[in-house]
Each structure stands twice: as C-alpha cells, then as structure tokens.
Amino acid sequence: MQRRRLKPNDRQLNSEGVEKAPRRIDPEKARERTFQRAVKLLAAKPRSVAELRERLLEKEWTNGEIVEAVLAKLGEYGYLNDERFAFGYASYRVRQKPMGRQRLKRDLQLKKVDRATADEALRLVFEETPEEELIDRAIEKRTRLRGLPHTRAEIKSLIDHLLRQGFSYELIAGKVRAISAADVDEDDPSVA
C-alpha cells in the first residue's frame, strides 16, 4: 500500500496547526450543489420538508436563503409535499407492522411533520385500516410466537408489548380480557 505524499503547503499547514480558510463558493454554484444534494437525499428515501431542510443546512457551503429557494423549487416540481409524505409514511408503517395511533404520531413527530398534517394523515390511515384490526393482527402475531398468556406475568408482558406498539390502554384491556385464559394464576404476585 502506497502512502500518500502531502504537498509541502499541506504539510506546513498541518504541522503549524493553522486552519485552512473556508473555500469561497459562488452562490449559483452553491444553489446547484444544494439542489443536487436535495435530489440525492430524496432519491434515497422520502423526507419531510423540515427534515430535508435540516439535512441541507448541514453543509458549510450553503445557507438558509439558498436552501429555502431549493425547497421552493422542489415543491413546485411536486417532489416535496408533507401531506403526501405523512400519509405514505404512516400507511407504509402500518402495512409493515401493526402499530397504534400513538406510536405513529410519535414517529411522524420525529420526522418533523407538523401536528395538523400528522393528525390528518393518521385519520386517513386509520379509516383505511381500523386500529381494532391492527391490534388483532399484533395479538395474533404475538400469540403465534409465544402462545396464549396463562399467567399474570404473561398477560402483563403482552399488555406492555401492545403499549409499546402505540395502542391505547382501553383498546388493549378489552382485547386482552377477551383472549386471556380463564385459568390465570391468581397467586402470581408479579402483577397486581
């Protein structure tokens, strides 16, 4: 393996600890590079407007004005639409793995989708696939892997699992009561 030789200028800068001055970039070139980066980021995976803005501002060769211009242009082309993104993301997640409204709402917040847009997307997704159907799928999957719960500890484990999946406690309580075995060990002190 060959070692890369540094140019004398680079060697002097590095040994003296002098920082290099940031390169000046022409605004038109910065806009073009920012646009190309935005397209690459969107090609990798769909993103919300705020999420894309944050990623574009990470680079030192761009600024807020350029990023806003690029986002506006992408919006004109139809590549950026938070409503479509939120609905697509939520419906994809529900198809992949049954989960509740609370979990999806939190995931959309992490994707930097505003609350009103997220609420509308969740309303549409849960009109298509009711939460009752999703919790039934989640319970069926869990019981297929672990069997029906017979002890209070197993019931608590199932309830905790469903809570982590974002289902409401009221919905969980009704469903778990319906499937739990009548021979639950009442003497098990692990669950009150």
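Predicted model: local features only at pLDDT ≥ 70, side-chain atom pairs only at ≥ 80, totals over all residues.
Which residue lies over the face of W61, and at what distance from the ring centre? I began my notebook with this, and I found that R33 is the residue placed over the W61 ring, 4.2 Å from its centre.

**Entry on the whole protein**

I looked up the secondary structure next, and I counted 10 helices and 0 strands, which gives the pattern α-α-α-α-α-α-α-α-α-α when I read along the sequence. The protein has 192 residues, and 35% of them count as buried.

**Entry on helix α8**

I then turned to helix α8, which covers residues 131-146 and so has 16 residues. From its first C-alpha to its last I noted a reach of 22 Å, close to the 22 Å expected at 1.5 Å a residue. Which residues of α8 are buried? I listed E131, L134, I135, A138, I139, R142 and T143. Looking down the axis of α8, I saw that these buried residues fall within an arc of 160°, and therefore they line one face of the helix. I wanted to know what covers them, and I found that the cover includes α5 (82-96), α6 (101-110), α7 (115-128), α9 (152-164) and α10 (169-179). Just after α8 comes G147, for which I wrote down a positive phi of about 85°.

**Entry on the aromatic rings**

I searched for aromatic pairs and found 3 in the structure. For F35 and Y77 I noted ring centres 6.4 Å apart and planes at 85°, and because an angle over 60 degrees counts as edge-to-face, this pair is given that name. The pair links distant parts of the chain, since F35 belongs to helix α2 (residues 27-44) and Y77 to helix α4 (residues 64-77), 42 residues apart. Another pair, Y77 with Y79, is also edge-to-face, with 6.2 Å from centre to centre and 75° between the planes. I recorded that F35, Y77 and Y79 together form one aromatic cluster.

Is Y79 buried or exposed? I found a relative accessible area of 51% for Y79, and because exposed means over 50%, Y79 counts as exposed.

Notes
Residues numbered from 1 in each chain as written. Heavy atoms only, no water. Helix = DSSP H or I, 4+ residues; strand = E, 2+ residues; numbered from the N terminus. Buried < 20%, exposed > 50% of the residue type's maximum accessible area, 1.4 Å probe, protein only. Expected span 1.5 Å × (residues − 1). Arc of directions from axis to C-beta. Contact = heavy atoms within 4.5 Å. Phe/Tyr/Trp six-rings, centres within 6.5 Å; stacked < 30°, edge-to-face > 60°. Lys NZ or Arg CZ within 6 Å of the ring centre and 35° of its normal.
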